[in-house]
Amino acid sequence: MSASAKAEKLGIMPQIFAGHFDRDLIFPYPKMSADEAETVEMLLDSFAGFAKRKLDPVKMDQAHETPPEVLKGLFELGLMGLAIPEQYGGAGLSMTAYCKVMEAVGRHDASLAVTVGGHQSIGMKAILLAGNEEQKEKYLPQCADGRRIAAYALTEPEAGSDAGSVKTRAVYNPKTKSFTLNGSKLWITNGAIAGLLTVFAKEEINGKDAMTAFIVEGEAPGLTRGKPELKMGIRASNTTELNFENVEVPEANVLGERGKGFKVALEVLDYGRLSLGAGCAGGIKELMQLAIGHAKQRRQFGAPISDLEMIRGKIAQMAVAAWVCDSMVYLATSLVDRDVTDFSIESACCKAYCSERLWDAANNAMQIVGGIGYMTEYPYERLMRDSRINMIFEGTNEIQRLYITLAGMKRPGDVLKAIQKRGGVGALVGYGTHTMKKHLSANHLEGAHPSLAWHVERIEEGTKAFAIAVDKLLVAHGKKVVSMGFLQERVANAAIQLYGMIATLSRLDTLVKAKGPEACAYEADLTKAFFAKAWRTVRDELALLERNGDARTIRVAERAIEHEGFKVLN
Amino acid sequence: MNVLVCVKHVPDTETRVKVAADGLHLDLGEANWVVNPYDEYAVEQGLQLKEKLGGEVTVITVGGDDATKSLRQALAMGADKAVLCSDPAFEDADPWSTARILAAAAAKLPCDLILSGKHGVGGDNQQVGSLLGQLMGIPVVTVVTGMDLEGTSLMLKREIEGGTEVVKASLPCVISCQKGLNEPRYPSLKGIMAAKKKEITAWKAADLGLDPATLAPSFQLKKMELPPPRPAGKILSGEIPDQVKELVKLLHDEAKAI
Ligand SMILES: Cc1cc2nc3c(=O)[nH]c(=O)nc-3n(C[C@H](O)[C@H](O)[C@H](O)COP(=O)(O)OP(=O)(O)OC[C@H]3O[C@@H](n4cnc5c(N)ncnc54)[C@H](O)[C@@H]3O)c2cc1C
Ligand SMILES: Cc1cc2nc3c(=O)[nH]c(=O)nc-3n(C[C@H](O)[C@H](O)[C@H](O)COP(=O)(O)OP(=O)(O)OC[C@H]3O[C@@H](n4cnc5c(N)ncnc54)[C@H](O)[C@@H]3O)c2cc1C
């Protein structure tokens with residue numbers, strides 16, 4: 001599925017849907033090379049120094065703007081060309097290193113992470129993935145050194161989650177060898193400051209509408225930009241509408257194949273969601289530190305509130321969340337670095353899970369600090385506002401869940417289809433039950449440290465039940481799963497938890513093997529704390545697939561929708 | 001102009017230190033080690049001179065292998081070369097020995113100007129720069145906050161109690177740098193990557209023609225201790241007039257403040 005010409009290599013999760021463990025991808029937990037780790041450490045020191053002197057998140061939030069000198073500083077530091085190969089003027093960092101940097105940026109200021117991410121996680125990513133040599137040579141150096149800030153323009157007034165339905169038109173003119181673009185884009189990050197736009201538009205190819213990706217230069221005549229939107233959070237990031245009125249784009253600026261633009265659009269977001277996840281992990285750590293700092297010095301009832309169990313419970317929740325998010329993100333980024341071509345399910349898991357844990361953490365921090373958290377003089381309300389967007393953009397979390405389930409079920413679905421063709425319904429039933437069960441019982445996750453046998457068992461039993469459930473759903477519903485939202489949500493919830501279990505086990509296992517079980521007692525507690533809930537969630541979500549109150553839920557919603565609100569008998 | 005910049009690898013000032021069990025060393029187990037902040041002004045000044053006048057900036061340190069981290073940092077800022085003076089005989093070097101090591105190294109390097117920080121945080125001896133100038137027989141100007149080149153001389157600004165002093169010194173000389181001299185740059189990612197390709201020269205006592213026996217410390221450290229912990233505050237209770245009386249009494253008898 002990659003636009004680059006790599007041989008297909010599946011990630012961990014597509015195989016979990018079929019009940020398989022890809023041991024080599026799971027163990028050991030990956031690590032940056034010493035050389036790259038040093039680069040990242042030094043860069044983060046530089047960034048910390050820069051941030052201390054030049055960045056004021058409060059002022060930026062109030063001004064709804066990132067000062068130009070901050071942007072200039074980011075370019076000078078080299079933070080805007082992290083993922084661009086050295087030959088094009090960037091640093092050529094691995095995905096893992098890139099995300100480590102984005103985590104630190106996100107931790108310092110979410111707005112800044114959105115600006116930086118809008119530029120290179122998504123804005124210019126399509127050039128890296130699908131651009132040809134001329135396009136790379138022409139544009140990437142300009143993106144790395146600050147001549148052009150990039151933006152990714154997919155969303156439209158009538159094409160949000162349903163991004164495939166964009167209406168911006170591209171018409172090819174063979175005489176001028178160029179395209180004419182008309183339409184408008186909505187809520188584009190860096191919209192007003194971008195000098196390079198990746199724009200997705202529809203054109204007619206062989207009588208059919210298909211999406212094509214274009215590079216549009218900021219100075220193109222006919223391109224106009226709306227006023228910066230006033231937002232709830234990440235205010236210093238720039239979000240605008242873009243209008244295209246007969247914007248001429250040379251044929252040389254088509255990204256990838258004509259008609260294959262949607263694939264490019266989606267693939268870009270696979271990467272973007274990983275850096276988004278990393279930024280969320282950074283945010284959780286920041287909130288933890290702030291809230292704990294307060295809790296230790298705030299005294300009520302004669303003692304610091306950090307002594308209270310109900311406060312400690314929240315602190316522990318944040319610590320576990322940080323551990324799990326970290327583990328999930330950097331296992332997924334390592335898939336990219338190990339040339340896995342299909343990491344989109346892991347990426348969606350990271351996006352949904354980390355953004356939700358960040359929101360929890362913002363809520364927990366606010367609750368721990370009490371009244372001051374609500375005051376704009378303190379950072380908590382801003383961090384809460386900034387956190388919220390992550391569950392919406394780069395594909396809402398509902399869309400992530402839908403995607404996890406449908407993409408995950410695709411391969412088992414193909415297998416079933418093949419069997420159906422050969423042996424009809426009888427074979428199907430056999431496949432769905434006995435064969436599968438027998439087959440699955442032979443699948444073990446081998447290679448973990450003996451002290452982690454309990455964890456391995458939970459993963460094995462969860463994965464087995466999960467894969468069997470997936471098959472049963474396919475047999476029972478076939479293609480209908482595409483419109484079954486509750487089902488999608490449950491399968492995805494189970495998948496996310498399984499991925500979290502695998503990621504934390506992998507990380508703990510590698511630590512235990514290197515340092516011995518005693519030295520890793522804290523990490524073992526974090527992992528166990530996560531597992532204790534996660535394996536039950538998997539079990540419960542799967543059980544709910546069979547016995548649930550969905551019919552009632554739908555009745556309750558339907559009535560409310562009909563009356564457009566709350567209406568009951570007096 | 002070729003500039004030699006002396007840098008020291010020191011624990012971050014935000015590190016919480018403990019005195020080790022022997023009472024003679026600091027327990028810096030979890031410390032974050034950084035370039036001595038005053039040395040960053042020196043590196044920046046060297047780079048600015050190079051950018052204006054050409055030449056090379058060489059950074060030098062006396063320290064263990066871990067001190068390469070600080071050299072890398074200076075290289076990433078833009079220094080051209082780095083020298084690590086490292087030898088078991090240098091381990092407990094006092095300021096005098098450190099200056100001798102640096103002087104021996106400087107003699108082997110092209111340098112028109114030697115820059116250092118006004119002092120190294122942690123040790124706080126404020127001696128090395130001055131001793132180095134003495135050993136080399138060249139002028140020394142300390143605690144400099146401004147620098148201009150005039151022909152072959154430097155016009156240097158020093159902040160003194162209640163005012164500023166302007167000093168003219170001829171090259172070569174040793175200058176110790178103070179906050180305010182400039183704003184040190186942050187290594188950019190490009191600089192960091194480039195620094196990896198720059199070589200760090202390692203010199204031992206023998207390379208510098210130094211006899212380890214002569215490097216023994218000239219004074220002995222007897223004891224290190226942290227300031228005594230602050231005793232817990234007292235909260236008075238009772239009627240306000242009584243509290244006031246009690247407070248005056250305590251301030252007089254216990255705190256001896258009045
Ligand atoms: C601050 C900000 C910055 C942005 N930056 C960019 C950018 O740089 N580039 C860009 O192209 N876009 C950008 N966007 C747009 C963003 O990606 C969209 O807002 C997002 O994809 C959701 O689309 P929508 O807002 O139209 O919501 P809708 O699609 O209208 O969704 C509304 C609700 O319906 C749910 N829903 C929709 N379809 C389904 C389904 N099939 N199953 C279940 N639930 C469903 C959604 O989850 C959501 O809860 C940005 C948005 C914001 C707010
Ligand atoms: C907008 C606003 C309006 C307000 N209006 C009024 C008003 O009109 N009049 C008025 O008198 N006050 C008012 N308040 C104050 C409000 O009632 C307090 O903020 C609230 O009681 C919490 O106290 P605190 O903020 O000091 O938090 P803290 O008491 O510091 O609590 C911090 C955290 O510790 C937890 N905690 C504390 N003790 C325990 C315990 N024993 N066990 C478990 N957890 C514990 C709390 O639940 C909280 O999570 C207002 C506050 C706000 C923000």
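Let's start with strand 8 of chain B, residues 113–117, where five of five residues are buried. Strands here, like helices, are DSSP runs numbered from the N terminus, with at least two residues (E) for a strand and at least four (H or I) for a helix. Buried means that 20 or more other C-beta atoms lie within 10 Å of a residue's own, with C-beta atoms placed from the backbone; exposed means 12 or fewer, and partly exposed is in between.

This is a predicted model, in which local features need pLDDT of at least 70 and side-chain atom pairs count only at pLDDT 80 or more, while totals for chains, interfaces and linings use all residues. Residues are numbered from 1 along each chain as its sequence is written, and chains are lettered from A and ligands numbered from 1 in the order in which they are written.

Back to the strand. In a regular strand the side chains alternate between the two faces of the sheet. Strand 8 of chain B has cover on both faces: Leu113(B), Leu115(B) and Gly117(B) are buried on one side, and Ile114(B) and Ser116(B) on the other. What does strand 8 of chain B pair with? Strand 1 of chain B, residues 3–6, joins it in the parallel sense over three bridges, with Ile114(B) as the bridge partner of Leu4(B). Strand 12 of chain B, residues 174–177, also runs parallel to strand 8, joined by four bridges, and here Gly117(B) is partnered by Cys177(B). Two strands count as paired if DSSP finds at least two bridges between them.

Now for the domains, whose bounds come from an automatic or database domain assignment.

| Chain | Domain | Residues |
|---|---|---|
| A | domain 1 | 12–149 |
| A | domain 2 | 151–259 |
| A | domain 3 | 263–397 |
| A | domain 4 | 408–560 |
| B | domain 1 | 3–215 |
| B | domain 2 | 231–258 |

In chain A, the C-alpha centres of domain 3 and domain 4 are 24 Å apart. Their contact takes 13 residues from domain 3 of chain A and 12 residues from domain 4 of chain A, where contact means C-beta atoms, placed from the backbone, within 7 Å. On the domain 3 side, helix 11 (309–337) of chain A gives the largest share, with eight residues. By class, that side has 11 nonpolar, one polar and one charged residues. Ala, Val, Leu, Ile, Met, Phe, Trp, Tyr, Cys and Pro count as nonpolar, Asp, Glu, Lys and Arg as charged, and the others, Gly among them, as polar. In chain B, 50 Å separate the C-alpha centres of domain 1 and domain 2.

How do the two chains meet? Chain A puts 10 residues into the contact and chain B nine residues. Helix 3 of chain A gives the most to the chain A side, with six residues. That side divides into five nonpolar, four polar and one charged.

Ligand 1 has 23 residues around it, the closest being Gly160(A), Ser161(A), Thr189(A), Thr396(A) and Glu398(A); a residue is near a molecule if its C-beta atom, placed from the backbone, lies within 6 Å of it. Strand 1 (150–153), strand 3 (178–189) and helix 14 (397–441) of chain A each give two or more residues to this shell. Its make-up is 11 nonpolar, nine polar and three charged residues.

Finally, the largest nonpolar core has 231 residues, and Phe214(A), Cys349(A) and Val5(B) have the most contacts inside it. Such a core is a set of buried Ala, Val, Leu, Ile, Met, Phe, Trp, Tyr and Cys residues joined through C-beta atoms within 7 Å. Leaving out residues up to four places away in sequence, Cys349(A) touches residues including Met13(A), Met328(A) and Tyr499(A).

Terms used
Two residues are in contact if their C-beta atoms, placed from the backbone, lie within 7 Å.
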